[in-house]
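Trainee: Please show me the model, and then let me ask about its parts one at a time.

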Amino acid sequence: MPGELMKFWSNPEFIRHRRAELRPVRAITVGVVVLVICVLVGLSCWSSQEQILDTFRRGAEHWGTQAWVQRLAHEEQQFAQRTWLMLYKWLVGLQGAALTFWTLFSCAQSVSGERDRKTWDFQRVTRLTPAEILIGKLMGEPVLVYFAVLCAAPVTLLAGLAGGLSFGTVISVYLFLALTSLFLGLGGMWLSTLLESRTRGVGLIGALALYLVTALMFQMRMSGLPGLAAFSPLTGIIAVLEPTDQYTSLGTLHPLRPVLFGHEVSWLLMCFLLCGSFSAWLALMLVRNLKRDYQEIRPLSRWQAVGCAAFLNFLIYALLRPGLDSATLSGALSDGPPSWFTDGEAVATFAVAMNGLILFLMGLATLTPHERLNVWRRKRASGEAAAFEDDGLSWPWLGISAIVAYALLVWGLLAWDHTLPLEVGTLKTAAVRLLVVLVFVTRDVLFLQWCMLTRLRQPVVKGVLYLGLYYAAAVVLIVLATVWSPNAGQWMTALLTPVQSFDRHVQGLAFPMETYIGLVVQMVAISAVLVAIDGRLQRPMRLASAG
Amino acid sequence: MRGAFERTKIVIELVHLRKEYDNVLAVGDLVLSIPQGEIYGLIGPNGAGKTTTIRMTCGLLAPTLGRALIAGVDVAQEPERAEQYIGYLSDFFAVYEDLKVWEYLDYFAHAYKMTEAEIPARVTEVITQVNLEVKRNEMIRGLSRGMKQRLGIARAIIHRPKVLLLDEPASGLDPKARLELRNLLLVLRDQGATILISSHILTELEGFCTSIGIMERGRMVRSGRIDEVTAAENPARFVRLSWAGDSLAAVQQHLQREARISQAKLTAGGGAFLFSGSEEDLAPILAALIAGGVKVMSFGEVKQTVEELYMKLSTHEVM
């Protein structure tokens, strides 16, 4: 696939988009508009700097002191460079916004748009491989904005160099933007494959949500996982251009940079690692599914899903920034931002909680279509298939993922032991918490699987909504029970949600009885859902009705 | 050796093809072999499983069980290899409106991985074949519906497929366009293409298909060459005759002598009967009538139309 990516200009799908989007008249118009915008932005930057200079001139005339005269001379000397730098920042900002936004939205309509126009089937029956279709669409759908950026690039480069930036910095910013738009484009395309033509509107809302989430990732710079900010295009523009971006604590300055295994690295490297690896996962899902019929889309195979869960777990330990507890004196005097992770216990709790989300996403990615599950059940009945088949239920694989996650937790905590002290009981506590989370996630995923066997339209979406309703109702019940008696509230929390197992006062395996009873209740619930699934699968096959 | 030779002639092979949607059996254990050069008409009511069968055959839909082989290549296992042999046309003629006619065909020629050297000539050839020469450099959005349909046909044949899978291709076409499509398909058949065409408009397939398959509720009710299917359903030939003058008695007398004739229904000037012999065996009967002084105006077997055959089979007379 990398080879095909390099030869994208000869990709038929890219050529189709290029021909359709970049006809000579349109290309010339876009080029002219881009240059006019560059000139207008340049003029407004010049005007803005001129106003600042005017202030200094008036000050120098009014006060006439040597300091004012020197300041004016300095400002006049810096005038051209500052104007160019300002122009550069504006141009990069505009290009960043246009590039990422347009790439995401055009890719988010790529497959669903073809389904809508009913041209998708004709493309699927060609000899184009899924990888070729993927690259053609990724490079082709936003070709107009790529061209616009290409037109603006020489002016931007000139402005950057004249503004005093190094060539490397200018290229770094472009690379950053290219990587984040690649990631967003792939994310948009994946969203697009999940949508039938009639749900395109939902897809656009989803794309907007994805864009906002990605942009807001910028704020992760201040979190315990600062590297995640590398997903945001804002980071590329601001953090790379503003290396003095600093955090102030007790009067000291601390540069904000991402960490990898505790070592500070550049934002560009972090962006390359994160956007690159997540793009690779998205590309894998797309290549697996692009040529499949809508009903047959299954994001990942079972082993790939386990690998993906392991990768996400690995990221937690690779990206975390250890810190001192701000409640302690040494922590309060430290010059870093407040950290989420002050000891092994905090890391373990965070990792287990994140695994709730990771396992749920993995469960979603491995739901089996009704048709395949039917075949699996028949084969299983005749002894031809095992429980761990790709077409079987996903619960055994959730178990495997949880085991892998726990192994990585042990490895991660031991690896960070030198900085984040690990207490003896932490691993035992984490094991029970992970088990509770696994049981709840398994119940929810099996419920979604059951929804897929019913006649609900959009069963997964509705199933997730039902789960949301369940947890909302659980919160209401917990509040009511707590009002009645705090003990009853604890029981209700343990029976209905996994939250109670995260009680900070628990040491080792000494969880309260309600935690274990809650586990048993959920096991019973899982058995009930499994029986319901089996009941659905045993329904006799009907012949299609004619006419 | 002979078996192997015959096997290579089979271009479309469906092996226990089955498709389930939830608890509904859309296509059940379909077994079908279509030799090269056949025009196979898949007929049946809406919901019979024709479209599902065609979509599985061209790889758009994965079968629940079974295999679809095109020129010996498993469509599910080696889709990109199988697609080089397949031209697919459905009942909708969606095209990329923002391309020019030649660009559209050039795109699909490249998508089917034809060599760079042959593409320009082939694009021109196909444009000529579907009578769109004057529109070659026009934008597709400016074409009429009929022209877009012809462009769709050009797309399906651009890569010279061995197999054409046509799902209700004539629905929405005006009579002239249907005739043109029919003629084009006959030309392609003469060039060696094998055609699987589904339709519920039976007159569309009359005199055009060499074989038929009748599907109902996901199952193949009857399949084979039209003559064979007709013969299997009608062991006796339906013969109609007419004569001039008052020869009813003479005709009755002649026909009663022949043991292979049954259900004769004769009126003054004409009638019909069932004959259980071969086509050659009919000739002596005609000769005897003429020799007996009957002024025969017309005498011949009435072939059953596809429509009649379908109506007979679909009313479950053979199930």
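The questions and answers below go through the structure part by part.

Mentor: This is a predicted model, in which local features need pLDDT of at least 70, side-chain atom pairs count only at pLDDT 80 or more, and totals for chains, interfaces and linings use all residues. Residues are numbered from 1 along each chain as its sequence is written, chains are lettered from A and ligands numbered from 1 in the order in which they are written, and side-chain values use heavy atoms, with hydrogens and water left out.

Trainee: How many helices and strands does chain B have?

Mentor: Helices (H or I, at least four residues) and strands (E, at least two) are DSSP runs, numbered from the N terminus. Counted that way, chain B has 11 helices and 14 strands.

Trainee: What share of the residues in chain B is buried?

Mentor: Buried means under 20% relative accessible area, exposed over 50%, and partly exposed in between (1.4 Å probe, protein chains only). Chain B has 319 residues, and the buried share of them is 49%.

Trainee: Is Leu43(A) buried, exposed or partly exposed?

Mentor: Leu43(A) lies in helix α3 (residues 24–63) of chain A. Together with Ile28(A), Val32(A), Val36(A), Val39(A) and Leu40(A), Leu43(A) forms a nonpolar patch on the surface. Because its relative accessibility is 49%, Leu43(A) counts as partly exposed.

Trainee: How many of the 10 residues of helix α2 of chain A are buried?

Mentor: Helix α2 (residues 12–21) of chain A is mostly covered. Its buried residues include Phe14(A), Ile15(A) and His17(A), and the buried residues pack against helices of chain A such as α3 and α8 (143–162), together with α4 (101–111) of chain B.

Trainee: Which residue caps the N-terminal end of α2(A)?

Mentor: The cap is made by a side-chain oxygen that lies 2.8 Å from the backbone nitrogen of Glu13(A). That oxygen belongs to Asn11(A).

Trainee: Is Thr103(A) buried or exposed?

Mentor: Thr103(A) lies in helix α4 (residues 66–107) of chain A. Leaving aside neighbours within four places in sequence, Thr103(A) is in contact (heavy atoms within 4.5 Å) with Ala98(A), Pro142(A), Val145(A), Tyr146(A), Ser181(A) and Gly185(A). Because its relative accessibility is 0%, Thr103(A) counts as buried.

Trainee: How is Thr515(A) classed, buried or exposed?

Mentor: Thr515(A) is in helix α21 (residues 513–537) of chain A. Apart from neighbours within four places in sequence, its contacts are Val436(A), Ala494(A), Gln500(A) and Ser501(A). At 4% relative accessibility, Thr515(A) counts as buried.

Trainee: What is the phi of Phe261(A) near?

Mentor: Phe261(A) lies in the loop between β3 (259–260) and β4 (263–264) of chain A, and with a relative accessible area of 40% Phe261(A) is partly exposed. Most residues other than glycine have a negative phi. The phi of Phe261(A) is positive, near 50°.

Trainee: What separates the C-alpha atoms of Leu157(A) and Val170(A)?

Mentor: Leu157(A) is found in helix α8 of chain A and is in contact with Phe167(A) and Val170(A), leaving aside neighbours within four places in sequence. Leu157(A) and Val170(A) are 13 residues apart along the chain, and their C-alpha atoms are separated by 6.7 Å.

Notes:
Patch = residues over 30% accessible without salt bridge, like charges linked within 9 Å, V, L, I, M, F, W, Y side chains within 5 Å. Areas by Shrake-Rupley, 256 points an atom, 1.4 Å probe, with all protein chains shown as cover. Salt bridge = Lys/Arg side-chain N within 4 Å of Asp/Glu carboxyl O. Polar contact = N/O pair within 3.5 Å; in protein donor to acceptor, adjacent residues only side chain to side chain.
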